[in-house]
Amino acid sequence: MIEILAVLGFPLAGAAALAFTGARREAPAVNIAASLATLVASLALTARVFVDGPLLALDRQFFVDPFNVFLVALTAFVGFTTAVFSRPYMRIEERHGRVNAARLRLYHSMYQLFQFTMLLALLTNNLGILWVAMEAATLATVLLVSLYRTPASLEAAWKYFILCGVGIAQALFGTILLFFAAEKLLGGGGGALLWTALDGVKGQLEPTVLSIAFVFLLVGYGTKVGLVPLHNWLPDAHAEGPTPVSAVLSGLLLNVALYAVVRCKVLVDGAVAHGFARDLMMGFGLLSVVVAAFLLARQKDAKRLFAYSSIEHMGIMTFAFGMGGPVANFAALLHMTVHSLTKSAIFYTVGHAAQKAGTQVIEDIRGLLTLSPAIGWGLVLGTLAILGMPPFGVFASEFLILTTAMNDAPWATPFLLVALGVAFASVFAKVQPMVFGEPTTKRLPERPAMVPVFVHLGLVLMLGLWIPPFLAEWYRQAARLIG
Amino acid sequence: MSALPLHAQVINLLAAILLLLAFAMLTQRRVLSLIDLFAAQGLALAVSTGIVAAYTGQAHLWWSAGITLALKVVALPWILHRLIRRLDVKWDVERLVNVPTTMLIGIVLVVFSFNLAVPISQLSGTITRATLGIAMASVMLSFLMMITRRKAIPQVIGFLSMENGLFFAATSATYGMPMVVELGIALDVLVGVLILGVFFFQIREQFDSLDLQHLEKLQEGE
């Protein structure tokens with residue numbers, strides 16, 4: 001209870017404080033401190049749920065179970081490390097003249113507000129508030145994507161706003177339909193949108209309405225997940241915004257959107273007998289994996305390249321959650337964790353590499369290993385990890401997903417294998433000349449932030465070799481909840 | 001066919017007006033008239049919510065009608081008018097691509113929405129269930145409007161009118177969402193429009209126009 005308020009209160013207070021002081025010299029430190037406080041609070045909340053089990057608080061408006069508490073901890077952790085990374089990164093951007101004091105103030109304040117909206121989306125028990133928080137997360141990041149005010153960034157932000165706005169409007173319609181189905185059983189008061197209440201009566205919800213509702217919800221939240229063919233905004237927003245924003249978009253926002261889809265899937269599975277939600281999610285997921293894998297080869301911009309890789313990985317997770325069952329859910333949750341950690345680490349290194357080269361164009365970034373071994377190695381290791389090389393955690397989760405798919409959905413495995421192979425070939429062929437070859441890079445005016453990169457990669461490596469028992473137990477509980 | 005009670009008839013009339021306005025917006029070429037149409041749509045929505053509130057005695061629907069009136073009839077049109085004055089795009093007449101084709105697609109969408117709504121409205125116990133199809137149709141028409149428009153402000157109005165359709169769906173199928181959710185949605189819409197206002201100036205500064213054709217540099221795979 002007090003922990004939930006703290007988890008939500010710190011980023012909100014941070015956003016308010018940074019709205020006034022965000023342009024000052026010490027603003028990055030305030031940003032880090034607020035994120036650290038959020039992290040500590042979320043760890044306390046995690047410990048509480050771990051000891052006491054699921055928690056309903058504040059007149060049932062908040063609900064914490066193993067599924068969302070693990071995402072809360074992950075969100076707060078990546079939020080914190082990205083804040084650490086953004087301190088030198090944004091200072092270098094300021095020195096390069098790409099942002100001024102007023103925009104830094106906007107950046108810092110919106111960064112915290114974005115954290116708040118994501119944590120609210122995760123913690124709320126009310127599906128209506130979940131929608132409101134998801135929309136607010138879009139609004140908080142729109143102005144961050146256009147922070148540099150270049151024509152390309154404005155276009156990206158516009159696309160992001162309109163496509164996600166339209167998408168999320170579909171999700172609202174889905175939510176209305178869900179409310180409509182639930183209202184008959186639970187009454188028209190505030191109770192009929194509470195997930196726990198809906199979960200209790202999911203067997204009696206009207207199947208036709210729920211099927212239609214799920215289509216709208218999947219399309220709506222799926223737009224934010226970046227599922228093909230609704231993915232158009234994603235590469236632009238990732239490539240044109242500041243790198244810390246790309247890292248949190250890819251590492252966190254996509255997860256939260258997928259979380260919303262999975263929560264809805266649980267309800268629909270209870271109401272609609274034949275695997276309706278299952279087939280839809282598997283289809284969309286597989287399509288995303290395949291299309292994104294083939295588009296990877298055509299990318300010329302380093303951040304766009306990894307944005308497409310995010311689409312591919314979100315597709316894998318959607319596929320796995322769709323397939324369902326204890327093993328696939330376990331693997332999908334693990335994949336969520338390792339993808340967040342690896343992808344944000346990659347964005348940190350790519351961001352610094354682009355700053356050194358003065359461009360994001362892959363062909364113009366050369367010889368990172370020679371001049372800055374830390375950035376070069378970070379990129380090589382991160383790329384190997386995201387491509388599913390053992391012994392990193394992505395290998396473990398992808399292996400689990402593939403073996404489950406061979407059993408449960410054998411028709412899908414060839415597609416998955418081919419897509420993973422294509423992705424490997426195209427990404428590796430592009431990253432290899434970036435790190436080897438004749439250096440083209442210059443020195444940075446500040447020390448790059450490499451600690452978050454190696455902390456993330458270290459964690460991913462650990463998760464590939466050994467999953468701590470409490471974490472495994474947690475994943476198992478969450479996987480059981482999802483069903 | 002038995003005669004419907006008066007309030008239900010009025011609501012059906014308002015629903016028809018809502019749909020008609022959605023079609024009018026689809027073909028309107030002047031931005032200022034588009035805003036007036038949007039305000040009229042908001043008014044129809046507010047009145048129908050008010051009638052449902054009066055008939056069912058649901059207190060929170062009065063609030064909902066009040067919010068709609070304040071936000072969609074007064075605040076948002078005012079903000080948009082101001083924006084257009086400041087941006088000086090008042091006489092921005094947009095050439096629409098092929099109005100008859102758009103209308104035909106619109107009619108197909110309406111038929112589709114009515115078909116989709118049939119199984120749902122049969123389950124509904126509300127007095128206004130017949131209007132669910134219309135609500136869904138106006139959502140679809142706004143969607144179509146966003147796709148066919150090239151300029152920034154008409155796209156936004158399309159977006160807002162989609163929100164109108166969604167609200168109408170919420171009142172006609174369920175007597176409105178819980179209060180806290182409605183407040184949150186209203187806040188999101190308001191903040192969204194304010195952010196867009198900031199955004200228009202940024203686009204304008206960069207491109208000297210609000211024509212989104214300039215925004216087509218980021219193509220797939222480049």
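Guide: Let us begin with exposure: a residue is buried if 20 or more other C-beta atoms lie within 10 Å of its own, exposed if 12 or fewer, and partly exposed in between. Please note that this is a predicted model.

Visitor: Why is A:Arg149 called partly exposed?

Guide: A:Arg149 has 15 other C-beta atoms within 10 Å. Buried requires 20 or more and exposed 12 or fewer, so a count of 15 falls in between. A:Arg149 is located in the loop between H5 and H6 of chain A.

Visitor: Why does A:Phe67 count as buried?

Guide: A:Phe67 has 23 C-beta neighbours inside 10 Å. The criterion is 20 or more, so A:Phe67 counts as buried. This residue belongs to helix H3 (residues 66-95) of chain A. Beyond its neighbours within four places in sequence, A:Phe67 is in contact with A:Ala478, A:Leu481 and A:Ile482.

Visitor: How do you know that H10(A) is largely enclosed by the rest of the structure?

Guide: Of the 29 residues of H10(A), 26 are buried, so the helix is largely enclosed. For chain A as a whole, buried residues make up 64% of the 483 residues.

Visitor: What is the span of helix H10 of chain A, and what is expected for it?

Guide: Helix H10 (residues 243-271) of chain A reaches 42 Å from its first C-alpha to its last, close to the 42 Å expected at 1.5 Å a residue.

Visitor: How do you know that the radius of gyration of chain A agrees with that of a compact globule?

Guide: For 483 residues the globule rule gives a value near 23 Å; chain A has 21 Å, which agrees. The C-alpha atoms of chain A fill a box of roughly 65 × 55 × 45 Å along the principal axes. The secondary structure of chain A consists of 19 helices and two strands.

Visitor: What makes the bond between A:Val228 and A:Pro229 a cis peptide bond?

Guide: Omega is about 5 degrees for the cis bond joining A:Val228 and A:Pro229. Most peptide bonds are trans. A:Pro229 is placed in the loop between H8 and helix H9 (233-240) of chain A. The peptide bond from A:Pro390 to A:Pro391 is also cis, with omega near 10 degrees. A:Pro391 lies in the loop between helix H15 (373-386) and helix H16 (393-408) of chain A.

Visitor: How many residues does each chain bring to the contact, and which helix of chain A gives the most?

Guide: Chain A brings 39 residues and chain B 35 residues. H6(A) gives the most to the side of chain A that touches chain B, with 16 residues. The residues on that side of chain A divide into 23 nonpolar, eight polar and eight charged.

Visitor: What confidence does the predictor assign to the complex?

Guide: The complex receives an ipTM of 0.86 and a pTM of 0.92. Chain B averages a pLDDT of 81, and 85% of the residues score at least 70.

Methods
Residues are numbered from 1 along each chain as its sequence is written. Chains are lettered from A and ligands numbered from 1 in the order in which they are written. This is a predicted model: local features need pLDDT of at least 70, side-chain atom pairs count only at pLDDT 80 or more; totals for chains, interfaces and linings use all residues. Helices (H or I, at least four residues) and strands (E, at least two) are DSSP runs, numbered from the N terminus. The radius of gyration is taken over C-alpha atoms; the globule rule is 2.2 Å times the number of residues to the power 0.38. The expected span of a helix is 1.5 Å times one less than its number of residues. Two residues are in contact if their C-beta atoms, placed from the backbone, lie within 7 Å. Ala, Val, Leu, Ile, Met, Phe, Trp, Tyr, Cys and Pro count as nonpolar, Asp, Glu, Lys and Arg as charged, and the others, Gly among them, as polar. pLDDT is the predictor's confidence in each residue, from 0 to 100.
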